[in-house]
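Visitor: Please pick one part of this molecule, zoom in on it, and then show me how it sits among its surroundings.

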Amino acid sequence: MRWLVGGYLVLLTGLFWIPDGSQYTKYYYALIAAPALLGLLMAPTQIKPILRDPVIISFLVLSAWLLISIGWSRADEAVGSLAKRPLYVFMLFAGCALIALKSESLLLKTLRIGAGIGALAALINVIWFLQSAAPGDRLIGTGALRNPLLTSHVLGFLCTYWVAAWLSRSEQRDWLPVVMALPLLAALLATGSRTPLMGLALTSFWMLLVSGRRAVYLVSALLIGAGAVYLAAPDILLQRGTSFRPELWGDAWRQAGQHLWFGAGYDSKFEFDIPGIGYLLHDPHNVELAVLLELGLIGLGLWAIMYALALVRCLQLRAQPQFQIASALLIYGVCAGLTEGGNYLSRPNESWFLIWIPLALLCALSIRNRQAQA
């Protein structure tokens with residue numbers, strides 16, 4: 001259990017301090033994937049509640065379709081390497097569930113500590129950036145963080161955690177989430193990415209459904225802040241226009257229509273030639289479009305079912321603070337994925353903060369809740 005807890009903390013914070021992505025992945029294998037597998041083998045009775053969770057069942061069905069699609073994929077990697085990726089994600093589901101079945105508070109405490117370390121890392125990164133950046137630079141960050149956009153996925157996840165912690169009143173010290181969120185928000189702004197800001201805004205509207213009056217204050221503050229920024233410095237929001245997203249999505253839809261039902265196969269490579277850019281793009285910059293391109297309407301339908309089941313569960317248990325936090329992280333990932341995150345099923349990297357880490361948290365809490373009710 002200690003290995004799983006330590007591994008979860010490394011997963012949440014490692015990108016800030018591990019030198020490169022390859023080592024980050026190896027840490028995941030050693031500290032989460034292997035201990036989770038060992039835990040299931042040593043306590044096979046724990047497998048049953050995990051495999052009964054509807055979201056995990058839907059993920060396994062999606063994974064089965066994904067593995068079938070490799071048969072007609074245009075992927076460059078070996079079949080064995082691709083086939084392992086759903087297993088890596090399942091081990092995250094299993095690892096989080098094993099921690100929660102042992103102690104739900106331990107899982108939530110580890111998440112809280114990770115978010116706190118992330119806030120400290122964001123503060124350090126902002127200070128370093130202000131001291132060393134040239135005009136026009138965008139914050140990338142330390143460790144294995146690779147570019148501003150991917151960095152913003154991690155920062156946005158952690159910032160959403162603290163915003164949700166404040167909205168759900170899960171902290172004894174009401175001021176603490178606000179203090180923790182500020183350096184993360186500053187680092188987000190320094191990345192120059194608008195995707196996490198959109199995700200945070202839409203998540204705030206979702207929280208109106210689950211957390212009550214405090215979310216009204218937050219949404220009002222966001223609207224006032226956005227209006228003030230637009231009036232004072234509109235270039236911050238508009239200087240990069242739409243970043244060719246509509247043209248890119250249009251070309252992605254066109255290519256998806258060529259293999260609409262079954263997709264081109266998992267990890268197939270695509271090229272998008274958008275006038276005005278001057279080079280080829282390979283990412284549709286939309287999670288759902290990426291799923292449609294590779295797995296077709298069948299795969300996208302399974303993807304939608306997985307998220308629908310997760311959101312239903314969030315609404316069923318919305319009175320509990322831990323589910324308010326989990327639902328906020330889930331919604332943030334969905335909203336941020338509307339304009340980014342095309343690499344939806346990869347080895348552990350920044351995109352996991354949009355998709356698999358929120359889903360694994362929700363499933364773990366849900367499994368623990370069912371066990372408590374039994």
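Guide: Contact here means heavy atoms within 4.5 Å. Keep in mind that this is a predicted model, where local features need pLDDT of at least 70 and side-chain atom pairs count only at pLDDT 80 or more, while totals for chains, interfaces and linings use all residues. Residues are numbered from 1 along each chain as its sequence is written, and side-chain values use heavy atoms, leaving out hydrogens and water.

Let's zoom in on Glu340. Glu340 sits in the loop between α14 (321–336) and α15 (356–373) (helices are DSSP runs of H or I, at least four residues, numbered from the N terminus). Glu340 has a relative accessible area of 3%, so it is buried (under 20%, with exposed being over 50%, partly exposed in between, using a 1.4 Å probe and protein chains only). If you skip the neighbours within four places in sequence, Glu340 touches Leu149, His153, Thr195, Arg245, His285, Asn286 and Val287. Take Arg245 from that list: Arg245 and Glu340 are 95 residues apart along the chain, yet their C-alpha atoms are separated by 9.9 Å.

His285 isn't a glycine, but has a positive phi of about 55°. You'll find His285 in the loop between α12 and α13, and its relative accessibility of 16% makes it buried as well.

That loop, between α12 (245–256) and α13 (287–316), also holds Asp267. Here too phi is positive, about 65°, and Asp267 is no glycine. With 10% relative accessibility, Asp267 is buried. Asp267 is one of the contacts of Arg85, along with Glu77, Tyr266, Leu345, Ser346 and Arg347, again leaving aside neighbours within four places in sequence. Arg85 belongs to helix α5 and, at a relative accessible area of 4%, is buried.

Leu345 leads us on to Trp356. Beyond its neighbours within four places, Trp356 is in contact with Leu345 and also with Phe59, Val89, Leu92, Phe93, Trp303, Met306 and Tyr344. Trp356, Leu92, Trp303 and Tyr344 are, with Tyr8 and Leu359, the residues with the most contacts inside the largest nonpolar core, which has 121 residues (a core joins buried Ala, Val, Leu, Ile, Met, Phe, Trp, Tyr and Cys through side-chain atoms within 4.5 Å).

Tyr8 takes us to α1. The axes of α1 and helix α5 (residues 79–102) come within 10 Å and cross at roughly 125°, so these two helices are oblique. On the α1 side the contact uses Leu4, Val5, Tyr8 and Leu11, and on the α5 side Leu92, Gly95, Cys96, Leu98 and Ile99. By comparison, α1 (residues 2–17) packs on helix α2 (residues 21–42) at about 155°, with the axes 8 Å apart, and that pair is therefore roughly antiparallel. Tyr8, Leu4 and Leu11 are among the α1 residues in this contact, and α2 brings Tyr24, Tyr27, Tyr28, Leu31, Ile32, Pro35 and Ala36. (Axes are fitted to C-alpha atoms, and angles run from 0 to 180 degrees between N-to-C directions; under 35 is roughly parallel, over 145 roughly antiparallel, 65 to 115 roughly perpendicular, the rest oblique.)

One last stop is Ser63, in helix α4 (residues 54–69). Ser63 is buried at 7% relative accessible area.
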